[in-house]
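Here's a quick walk through one model, meant to be read with the viewer open.

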Amino acid sequence: MKKKIAVLPGDGIGPEVIKSALQVLDGVATRFGHEFETAEKVFGGAAIDQKGTPLPDDTLEVCKGSDAVLLGAVGGPKWDKGNVRPEQGLLALRKALNVYANLRPVQVFPGLEHLSPLKSCRVKGADFVFVRELTGGIYFSEPKKRDRKSAVDTLSYTREEISRIVEKAYELAAGRRGKVTSVDKANVLETSKLWREIVEETAKKYPNVQTEHMLVDFAAMRMISDPGSFDVIVTENMFGDILSDEASVLTGSLGMMPSASLSERGPGLYEPIHGSAPDIAGSGKANPIGMILSVAMMLRHSFQLEKEAAAVELAVFETLQAGYRTQDIYDGTGNLVSTKEMVDQIHFRMLEDSTSATLLEVYV
Ligand SMILES: NC(=O)c1ccc[n+]([C@@H]2O[C@H](COP(=O)([O-])OP(=O)(O)OC[C@H]3O[C@@H](n4cnc5c(N)ncnc54)[C@H](O)[C@@H]3O)[C@@H](O)[C@H]2O)c1
Ligand SMILES: CC(C)[C@H](C(=O)O)[C@@H](O)C(=O)O
Ligand SMILES: [Mg+2]
(Lines give C-alpha, C1' and ligand atoms only; values in the text may rest on other atoms or scores of the structure.)
(Ligands and ions follow the chains in the order given, each with its own letter.)
Protein backbone atom coordinates (compact mmCIF):
# COMPACT_ATOMS: atom_id res chain seq x y z
CA MET A 1 0.00 0.00 0.00
CA LYS A 2 1.55 3.31 -1.10
CA LYS A 3 0.22 6.41 0.61
CA LYS A 4 0.91 9.94 -0.57
CA ILE A 5 1.70 12.48 2.13
CA ALA A 6 2.11 16.22 1.58
CA VAL A 7 4.69 17.61 4.00
CA LEU A 8 4.60 21.29 5.01
CA PRO A 9 7.47 22.16 7.38
CA GLY A 10 6.55 25.87 7.72
CA ASP A 11 8.47 28.16 10.04
CA GLY A 12 10.41 28.33 13.33
CA ILE A 13 10.54 24.88 14.92
CA GLY A 14 8.18 23.58 12.19
CA PRO A 15 11.01 22.13 10.04
CA GLU A 16 12.65 20.60 13.16
CA VAL A 17 9.54 18.72 14.27
CA ILE A 18 8.67 17.71 10.70
CA LYS A 19 12.13 16.15 10.37
CA SER A 20 11.33 14.16 13.52
CA ALA A 21 7.99 13.06 12.10
CA LEU A 22 9.61 11.83 8.89
CA GLN A 23 12.23 9.83 10.78
CA VAL A 24 9.52 8.08 12.79
CA LEU A 25 7.43 7.51 9.65
CA ASP A 26 10.48 5.91 8.09
CA GLY A 27 10.66 3.63 11.14
CA VAL A 28 7.01 2.63 10.59
CA ALA A 29 7.71 1.92 6.92
CA THR A 30 10.73 -0.26 7.76
CA ARG A 31 9.10 -2.17 10.57
CA PHE A 32 5.75 -2.82 8.93
CA GLY A 33 6.79 -2.90 5.28
CA HIS A 34 4.73 0.08 4.11
CA GLU A 35 5.60 2.63 1.46
CA PHE A 36 4.92 6.30 2.08
CA GLU A 37 5.54 8.77 -0.72
CA THR A 38 6.23 12.21 0.71
CA ALA A 39 6.20 15.53 -1.17
CA GLU A 40 7.61 18.52 0.69
CA LYS A 41 6.08 21.90 -0.18
CA VAL A 42 6.76 25.45 0.92
CA PHE A 43 4.15 26.98 3.24
CA GLY A 44 3.61 29.84 5.69
CA GLY A 45 6.24 32.53 6.22
CA ALA A 46 8.78 30.58 4.18
CA ALA A 47 6.33 30.68 1.25
CA ILE A 48 5.75 34.43 1.69
CA ASP A 49 9.52 34.89 1.39
CA GLN A 50 9.83 32.64 -1.66
CA LYS A 51 6.58 33.24 -3.51
CA GLY A 52 4.85 36.21 -1.91
CA THR A 53 1.95 34.14 -0.57
CA PRO A 54 1.65 31.77 2.44
CA LEU A 55 -0.30 29.12 0.50
CA PRO A 56 1.04 28.92 -3.06
CA ASP A 57 -1.23 27.22 -5.64
CA ASP A 58 1.12 24.28 -6.19
CA THR A 59 1.33 23.66 -2.42
CA LEU A 60 -2.47 23.51 -2.22
CA GLU A 61 -2.69 21.28 -5.31
CA VAL A 62 -0.23 18.78 -3.83
CA CYS A 63 -2.15 18.79 -0.52
CA LYS A 64 -5.46 18.16 -2.30
CA GLY A 65 -3.93 15.32 -4.32
CA SER A 66 -2.47 13.58 -1.25
CA ASP A 67 -3.93 11.03 1.17
CA ALA A 68 -2.86 13.13 4.17
CA VAL A 69 -1.02 16.34 5.02
CA LEU A 70 1.62 16.70 7.74
CA LEU A 71 2.21 20.24 8.94
CA GLY A 72 4.85 21.64 11.33
CA ALA A 73 3.88 25.19 12.30
CA VAL A 74 3.79 28.64 10.77
CA GLY A 75 4.39 32.21 11.82
CA GLY A 76 6.99 34.32 13.56
CA PRO A 77 7.97 37.90 14.32
CA LYS A 78 9.51 38.34 10.88
CA TRP A 79 6.04 38.40 9.28
CA ASP A 80 4.04 39.97 12.13
CA LYS A 81 3.89 43.44 10.60
CA GLY A 82 3.44 42.44 6.97
CA ASN A 83 0.27 42.83 4.92
CA VAL A 84 0.03 39.11 4.51
CA ARG A 85 0.59 36.75 7.44
CA PRO A 86 1.62 33.07 7.51
CA GLU A 87 -1.44 32.27 9.66
CA GLN A 88 -3.72 33.33 6.78
CA GLY A 89 -2.23 30.47 4.77
CA LEU A 90 -3.05 28.04 7.56
CA LEU A 91 -6.67 29.17 7.75
CA ALA A 92 -6.97 29.07 3.95
CA LEU A 93 -5.57 25.52 3.88
CA ARG A 94 -8.00 24.30 6.56
CA LYS A 95 -10.89 25.88 4.67
CA ALA A 96 -9.78 24.55 1.26
CA LEU A 97 -9.51 21.01 2.65
CA ASN A 98 -12.80 21.49 4.53
CA VAL A 99 -11.26 19.93 7.64
CA TYR A 100 -13.95 21.13 10.01
CA ALA A 101 -13.39 18.56 12.77
CA ASN A 102 -10.26 19.18 14.80
CA LEU A 103 -9.50 16.41 17.32
CA ARG A 104 -7.08 17.38 20.08
CA PRO A 105 -6.54 14.56 22.57
CA VAL A 106 -5.29 15.45 26.04
CA GLN A 107 -3.38 12.54 27.51
CA VAL A 108 -1.08 12.57 30.48
CA PHE A 109 1.80 10.12 30.16
CA PRO A 110 2.84 8.29 33.34
CA GLY A 111 5.77 10.06 34.94
CA LEU A 112 4.81 13.52 33.67
CA GLU A 113 1.86 14.13 36.04
CA HIS A 114 3.88 16.26 38.44
CA LEU A 115 4.99 18.74 35.76
CA SER A 116 1.75 20.72 35.74
CA PRO A 117 1.17 23.14 38.60
CA LEU A 118 -1.81 21.01 39.70
CA LYS A 119 -1.70 18.21 42.25
CA SER A 120 -0.53 15.01 40.51
CA CYS A 121 -3.55 13.06 41.74
CA ARG A 122 -5.88 15.45 39.90
CA VAL A 123 -3.95 15.30 36.66
CA LYS A 124 -3.59 11.51 36.72
CA GLY A 125 -7.22 10.87 35.72
CA ALA A 126 -7.15 13.29 32.80
CA ASP A 127 -7.88 11.68 29.43
CA PHE A 128 -10.17 13.68 27.22
CA VAL A 129 -10.42 14.96 23.69
CA PHE A 130 -11.42 18.26 22.20
CA VAL A 131 -13.63 18.23 19.15
CA ARG A 132 -13.01 21.76 17.97
CA GLU A 133 -14.97 23.28 15.08
CA LEU A 134 -12.22 24.44 12.73
CA THR A 135 -13.56 26.06 9.57
CA GLY A 136 -16.22 28.48 10.83
CA GLY A 137 -17.01 30.94 13.59
CA ILE A 138 -15.21 34.19 14.28
CA TYR A 139 -12.09 33.18 12.32
CA PHE A 140 -13.98 33.10 9.04
CA SER A 141 -17.31 34.96 9.30
CA GLU A 142 -17.91 38.10 7.25
CA PRO A 143 -17.79 41.05 7.57
CA LYS A 144 -14.26 41.24 8.83
CA LYS A 145 -12.76 44.68 8.34
CA ARG A 146 -10.72 47.46 9.82
CA ASP A 147 -10.14 51.12 9.26
CA ARG A 148 -8.23 53.66 11.25
CA LYS A 149 -11.02 54.18 13.80
CA SER A 150 -12.60 50.78 14.24
CA ALA A 151 -12.37 47.07 13.54
CA VAL A 152 -15.01 44.39 13.03
CA ASP A 153 -14.96 40.63 13.41
CA THR A 154 -18.15 38.64 13.02
CA LEU A 155 -19.21 35.42 14.70
CA SER A 156 -21.74 33.41 12.75
CA TYR A 157 -22.57 29.71 12.50
CA THR A 158 -25.10 27.88 10.38
CA ARG A 159 -27.19 24.97 11.65
CA GLU A 160 -25.32 22.66 9.26
CA GLU A 161 -21.87 23.72 10.48
CA ILE A 162 -22.87 23.08 14.08
CA SER A 163 -24.72 19.80 13.43
CA ARG A 164 -21.83 18.09 11.68
CA ILE A 165 -19.28 18.87 14.41
CA VAL A 166 -21.67 17.97 17.23
CA GLU A 167 -22.47 14.69 15.48
CA LYS A 168 -18.72 13.92 15.32
CA ALA A 169 -18.42 14.51 19.07
CA TYR A 170 -21.27 12.13 19.89
CA GLU A 171 -19.89 9.42 17.58
CA LEU A 172 -16.54 9.74 19.33
CA ALA A 173 -18.03 9.74 22.84
CA ALA A 174 -20.09 6.63 22.06
CA GLY A 175 -16.81 4.75 21.49
CA ARG A 176 -15.14 6.23 24.60
CA ARG A 177 -16.53 6.83 28.10
CA GLY A 178 -19.87 8.10 26.83
CA LYS A 179 -19.87 11.73 27.90
CA VAL A 180 -20.08 14.94 25.86
CA THR A 181 -19.41 18.32 27.43
CA SER A 182 -20.58 21.06 25.10
CA VAL A 183 -18.81 24.31 25.85
CA ASP A 184 -20.46 27.59 24.84
CA LYS A 185 -21.38 31.08 26.01
CA ALA A 186 -25.15 30.64 25.74
CA ASN A 187 -25.79 33.23 28.44
CA VAL A 188 -24.62 35.90 25.97
CA LEU A 189 -24.10 34.73 22.39
CA GLU A 190 -26.82 33.92 19.82
CA THR A 191 -24.51 31.44 18.08
CA SER A 192 -24.14 29.61 21.40
CA LYS A 193 -27.93 29.47 21.89
CA LEU A 194 -28.27 27.81 18.49
CA TRP A 195 -25.32 25.55 19.36
CA ARG A 196 -27.05 24.40 22.58
CA GLU A 197 -30.32 23.74 20.75
CA ILE A 198 -28.54 21.52 18.22
CA VAL A 199 -26.64 19.67 20.95
CA GLU A 200 -29.99 18.91 22.66
CA GLU A 201 -31.44 17.57 19.37
CA THR A 202 -28.36 15.43 18.65
CA ALA A 203 -28.25 14.09 22.21
CA LYS A 204 -31.66 12.44 21.69
CA LYS A 205 -30.09 10.17 19.06
CA TYR A 206 -27.46 8.95 21.54
CA PRO A 207 -29.32 7.77 24.67
CA ASN A 208 -26.18 6.09 26.00
CA VAL A 209 -24.14 9.26 25.90
CA GLN A 210 -24.42 11.68 28.81
CA THR A 211 -24.66 15.36 27.85
CA GLU A 212 -23.39 18.29 29.87
CA HIS A 213 -23.55 21.98 28.87
CA MET A 214 -20.90 24.24 30.29
CA LEU A 215 -20.22 27.94 29.88
CA VAL A 216 -16.73 28.56 28.56
CA ASP A 217 -15.52 30.59 31.54
CA PHE A 218 -16.50 27.83 33.96
CA ALA A 219 -15.02 25.20 31.62
CA ALA A 220 -11.66 27.00 31.72
CA MET A 221 -11.74 26.74 35.51
CA ARG A 222 -13.05 23.16 35.62
CA MET A 223 -10.33 21.98 33.27
CA ILE A 224 -7.72 22.61 35.92
CA SER A 225 -9.81 21.93 39.04
CA ASP A 226 -11.29 18.62 37.86
CA PRO A 227 -9.82 17.54 34.50
CA GLY A 228 -10.81 13.92 35.13
CA SER A 229 -14.48 14.85 34.75
CA PHE A 230 -14.19 15.38 30.97
CA ASP A 231 -14.40 12.80 28.18
CA VAL A 232 -15.28 14.61 24.91
CA ILE A 233 -15.44 18.40 24.80
CA VAL A 234 -17.17 19.85 21.75
CA THR A 235 -16.84 23.54 21.14
CA GLU A 236 -16.58 26.30 18.57
CA ASN A 237 -13.41 27.40 16.82
CA MET A 238 -12.01 30.10 19.10
CA PHE A 239 -13.03 28.55 22.43
CA GLY A 240 -11.36 25.31 21.29
CA ASP A 241 -8.17 27.13 20.36
CA ILE A 242 -7.84 28.78 23.75
CA LEU A 243 -8.95 25.85 25.92
CA SER A 244 -6.66 23.37 24.18
CA ASP A 245 -3.53 25.42 24.91
CA GLU A 246 -4.70 25.61 28.52
CA ALA A 247 -5.25 21.84 28.61
CA SER A 248 -1.73 21.21 27.30
CA VAL A 249 -0.44 22.29 30.71
CA LEU A 250 -1.97 19.09 32.13
CA THR A 251 0.21 17.02 29.78
CA GLY A 252 3.40 18.76 30.91
CA SER A 253 3.99 20.96 27.85
CA LEU A 254 2.42 22.54 24.81
CA GLY A 255 4.92 20.45 22.86
CA MET A 256 3.16 17.21 23.87
CA MET A 257 -0.19 17.71 22.15
CA PRO A 258 -1.06 16.36 18.68
CA SER A 259 -4.07 17.06 16.49
CA ALA A 260 -6.00 15.67 13.55
CA SER A 261 -8.22 17.85 11.36
CA LEU A 262 -10.74 15.82 9.42
CA SER A 263 -13.37 16.30 6.71
CA GLU A 264 -15.98 13.88 5.34
CA ARG A 265 -13.70 13.02 2.43
CA GLY A 266 -10.30 14.12 1.20
CA PRO A 267 -7.01 14.30 3.05
CA GLY A 268 -6.79 14.83 6.80
CA LEU A 269 -4.41 17.49 8.13
CA TYR A 270 -2.12 16.52 11.02
CA GLU A 271 -0.22 19.06 13.10
CA PRO A 272 0.87 19.54 16.69
CA ILE A 273 -1.21 22.19 18.48
CA HIS A 274 1.80 24.38 19.24
CA GLY A 275 3.12 27.21 17.11
CA SER A 276 6.48 27.99 15.54
CA ALA A 277 8.05 28.76 18.96
CA PRO A 278 10.44 31.45 17.66
CA ASP A 279 12.04 31.69 21.12
CA ILE A 280 13.58 28.21 20.82
CA ALA A 281 13.80 27.73 17.02
CA GLY A 282 17.15 26.36 15.88
CA SER A 283 18.34 25.54 19.41
CA GLY A 284 17.53 21.81 19.42
CA LYS A 285 15.12 22.32 22.33
CA ALA A 286 11.83 21.65 20.52
CA ASN A 287 9.80 18.78 21.92
CA PRO A 288 8.92 16.60 18.89
CA ILE A 289 6.31 14.46 20.69
CA GLY A 290 3.19 16.47 19.70
CA MET A 291 4.27 16.15 16.07
CA ILE A 292 5.12 12.45 16.38
CA LEU A 293 1.77 11.70 18.03
CA SER A 294 0.16 13.57 15.11
CA VAL A 295 1.82 11.00 12.82
CA ALA A 296 0.15 8.29 14.91
CA MET A 297 -3.18 10.06 14.45
CA MET A 298 -2.56 10.15 10.68
CA LEU A 299 -1.85 6.42 10.60
CA ARG A 300 -5.06 5.75 12.54
CA HIS A 301 -7.52 8.22 10.99
CA SER A 302 -6.38 8.56 7.37
CA PHE A 303 -4.83 5.14 6.74
CA GLN A 304 -6.69 2.91 9.23
CA LEU A 305 -3.30 1.54 10.38
CA GLU A 306 -4.26 1.02 14.02
CA LYS A 307 -1.43 -1.38 14.88
CA GLU A 308 1.14 1.02 13.43
CA ALA A 309 -0.39 4.00 15.25
CA ALA A 310 -0.29 2.10 18.54
CA ALA A 311 3.36 1.16 17.89
CA VAL A 312 4.31 4.84 17.49
CA GLU A 313 2.45 5.72 20.69
CA LEU A 314 4.11 2.84 22.50
CA ALA A 315 7.56 3.98 21.35
CA VAL A 316 6.82 7.45 22.77
CA PHE A 317 5.54 5.91 25.99
CA GLU A 318 8.64 3.70 26.37
CA THR A 319 11.03 6.56 25.64
CA LEU A 320 9.41 8.67 28.35
CA GLN A 321 9.41 5.69 30.72
CA ALA A 322 13.14 5.33 30.07
CA GLY A 323 13.55 8.89 31.40
CA TYR A 324 14.33 10.86 28.23
CA ARG A 325 13.19 14.47 28.46
CA THR A 326 13.44 17.54 26.25
CA GLN A 327 13.97 20.84 28.08
CA ASP A 328 10.25 21.70 28.37
CA ILE A 329 9.45 18.49 30.30
CA TYR A 330 12.72 18.23 32.24
CA ASP A 331 12.48 18.48 36.03
CA GLY A 332 16.14 17.88 36.90
CA THR A 333 15.92 14.09 36.89
CA GLY A 334 16.28 11.67 33.98
CA ASN A 335 18.16 12.39 30.75
CA LEU A 336 17.93 15.87 29.30
CA VAL A 337 18.12 15.44 25.51
CA SER A 338 17.91 17.50 22.32
CA THR A 339 15.12 17.18 19.75
CA LYS A 340 17.31 14.88 17.65
CA GLU A 341 18.29 12.63 20.58
CA MET A 342 14.65 12.31 21.62
CA VAL A 343 13.63 11.30 18.10
CA ASP A 344 16.52 8.83 17.84
CA GLN A 345 15.28 7.18 21.04
CA ILE A 346 11.70 6.99 19.79
CA HIS A 347 12.82 5.77 16.36
CA PHE A 348 15.02 3.11 17.91
CA ARG A 349 12.11 1.78 20.01
CA MET A 350 9.84 2.02 16.98
CA LEU A 351 12.13 -0.34 15.08
CA GLU A 352 12.26 -2.85 17.90
CA ASP A 353 9.60 -5.49 17.80
CA SER A 354 8.65 -4.59 21.34
CA THR A 355 4.92 -5.18 21.33
CA SER A 356 5.07 -6.19 24.95
CA ALA A 357 1.46 -7.01 25.75
CA THR A 358 1.64 -5.61 29.24
CA LEU A 359 3.00 -2.25 28.13
CA LEU A 360 0.39 -2.01 25.39
CA GLU A 361 -2.31 -2.71 27.95
CA VAL A 362 -1.00 -0.05 30.29
CA TYR A 363 -0.91 2.59 27.61
CA VAL A 364 -3.58 1.90 24.98
N1 LIG B 1 -0.52 25.67 13.90
C2 LIG B 1 0.32 26.68 13.82
O3 LIG B 1 1.04 26.80 12.86
C4 LIG B 1 0.41 27.65 14.94
C5 LIG B 1 -0.15 27.40 16.19
C6 LIG B 1 -0.01 28.33 17.21
C7 LIG B 1 0.72 29.50 16.98
N8 LIG B 1 1.25 29.72 15.74
C9 LIG B 1 2.10 30.88 15.47
O10 LIG B 1 3.36 30.66 16.08
C11 LIG B 1 3.96 31.92 16.40
C12 LIG B 1 4.42 31.90 17.85
O13 LIG B 1 3.27 31.86 18.69
P14 LIG B 1 3.30 31.71 20.27
O15 LIG B 1 4.67 32.03 20.76
O16 LIG B 1 2.15 32.41 20.82
O17 LIG B 1 2.99 30.16 20.53
P18 LIG B 1 3.96 28.88 20.42
O19 LIG B 1 3.08 27.69 20.54
O20 LIG B 1 4.80 28.97 19.22
O21 LIG B 1 4.92 28.97 21.70
C22 LIG B 1 4.42 29.19 23.03
C23 LIG B 1 5.46 28.72 24.04
O24 LIG B 1 5.52 27.29 24.03
C25 LIG B 1 6.81 26.84 23.72
N26 LIG B 1 6.69 25.69 22.79
C27 LIG B 1 5.83 25.58 21.75
N28 LIG B 1 6.02 24.42 21.13
C29 LIG B 1 7.01 23.78 21.77
C30 LIG B 1 7.66 22.54 21.57
N31 LIG B 1 7.32 21.69 20.59
N32 LIG B 1 8.65 22.20 22.43
C33 LIG B 1 9.01 23.00 23.43
N34 LIG B 1 8.42 24.18 23.67
C35 LIG B 1 7.44 24.58 22.84
C36 LIG B 1 7.51 28.01 23.03
O37 LIG B 1 8.90 27.90 23.16
C38 LIG B 1 6.87 29.19 23.72
O39 LIG B 1 7.56 29.46 24.92
C40 LIG B 1 2.88 32.98 16.10
O41 LIG B 1 3.20 33.54 14.85
C42 LIG B 1 1.61 32.19 16.04
O43 LIG B 1 0.62 32.75 15.21
C44 LIG B 1 1.13 28.81 14.74
C1 LIG C 1 -2.09 29.99 14.22
C2 LIG C 1 -3.54 30.03 14.55
C3 LIG C 1 -4.32 30.57 13.39
C4 LIG C 1 -4.07 28.65 14.99
C5 LIG C 1 -5.54 28.73 15.39
O6 LIG C 1 -5.92 29.66 16.11
O7 LIG C 1 -6.29 27.85 14.97
C8 LIG C 1 -3.32 28.01 16.14
O9 LIG C 1 -3.38 28.78 17.29
C10 LIG C 1 -3.83 26.62 16.40
O11 LIG C 1 -4.21 26.33 17.54
O12 LIG C 1 -3.81 25.79 15.49
MG1 LIG D 1 -3.81 27.64 19.05
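What follows covers the sheet, the ligand shell and some annotated residues.

## Ground rules

This is a predicted model, where local features need pLDDT of at least 70, side-chain atom pairs count only at pLDDT 80 or more, and totals for chains, interfaces and linings use all residues. Residues are numbered from 1 along each chain as its sequence is written, while chains are lettered from A and ligands numbered from 1 in the order in which they are written.

## The sheet

Let's start with the open sheet of 10 strands, which runs E2-E1-E3-E12-E11-E4-E5-E10-E8-E9 with mixed pairing. Strands here are DSSP runs of at least two residues (E), helices runs of at least four (H or I), both numbered from the N terminus; two strands pair if DSSP finds at least two bridges between them. Strand E2 (35–40) and strand E9 (210–215) sit at the edges with a single partner strand each, so each has one side without a neighbour in the sheet. On average, neighbouring strands are turned by 25° against each other, direction ignored.

Strand E1 (residues 2–10) pairs with strand E3 (residues 68–73) in the parallel sense over 5 bridges, and Gly-10 stands opposite Ala-73 in E3. Helix H8 (residues 216–225) packs on the sheet, touching strand E8 (179–184) and E9, and its direction makes about 105° with that of E9. Contact means C-beta atoms, placed from the backbone, within 7 Å; axes are lines fitted to C-alpha atoms, for helices over the stretch in contact, with angles from 0 to 180 degrees between N-to-C directions.

## Annotated residues

The unreviewed UniProt entry places "binding site" at Arg-94, Arg-104, Arg-132 and Asp-217. They are spread over 124 residues of sequence and also in space, up to 26.8 Å between C-alpha atoms. Such annotations may be inferred rather than shown by experiment.

Arg-104 is in strand E4 (residues 101–107), and Arg-132 is in strand E5 (residues 127–133). Arg-104 counts as buried because it has 26 C-beta neighbours inside 10 Å, and Arg-132 is buried with 28 other C-beta atoms within 10 Å; the cut-off is 20 or more. Leaving out residues up to four places away in sequence, Arg-104 touches Arg-132 and Ser-244, among others. By that same rule, the contacts of Arg-132 include Asn-102, Thr-235 and Gly-240.

## Around ligand 1

Ligand 1 is surrounded by 22 residues, the closest being Gly-75, Gly-255, His-274, Gly-275 and Asn-287. A residue is near the molecule if its C-beta atom, placed from the backbone, lies within 6 Å of it.

By class, the shell has 9 nonpolar, 9 polar and 4 charged residues. Ala, Val, Leu, Ile, Met, Phe, Trp, Tyr, Cys and Pro count as nonpolar, Asp, Glu, Lys and Arg as charged, and the others, Gly among them, as polar.

Definitions and conventions: A residue is buried if 20 or more other C-beta atoms lie within 10 Å of its own, exposed if 12 or fewer, and partly exposed in between; C-beta atoms are placed from the backbone. Two residues are in contact if their C-beta atoms, placed from the backbone, lie within 7 Å.
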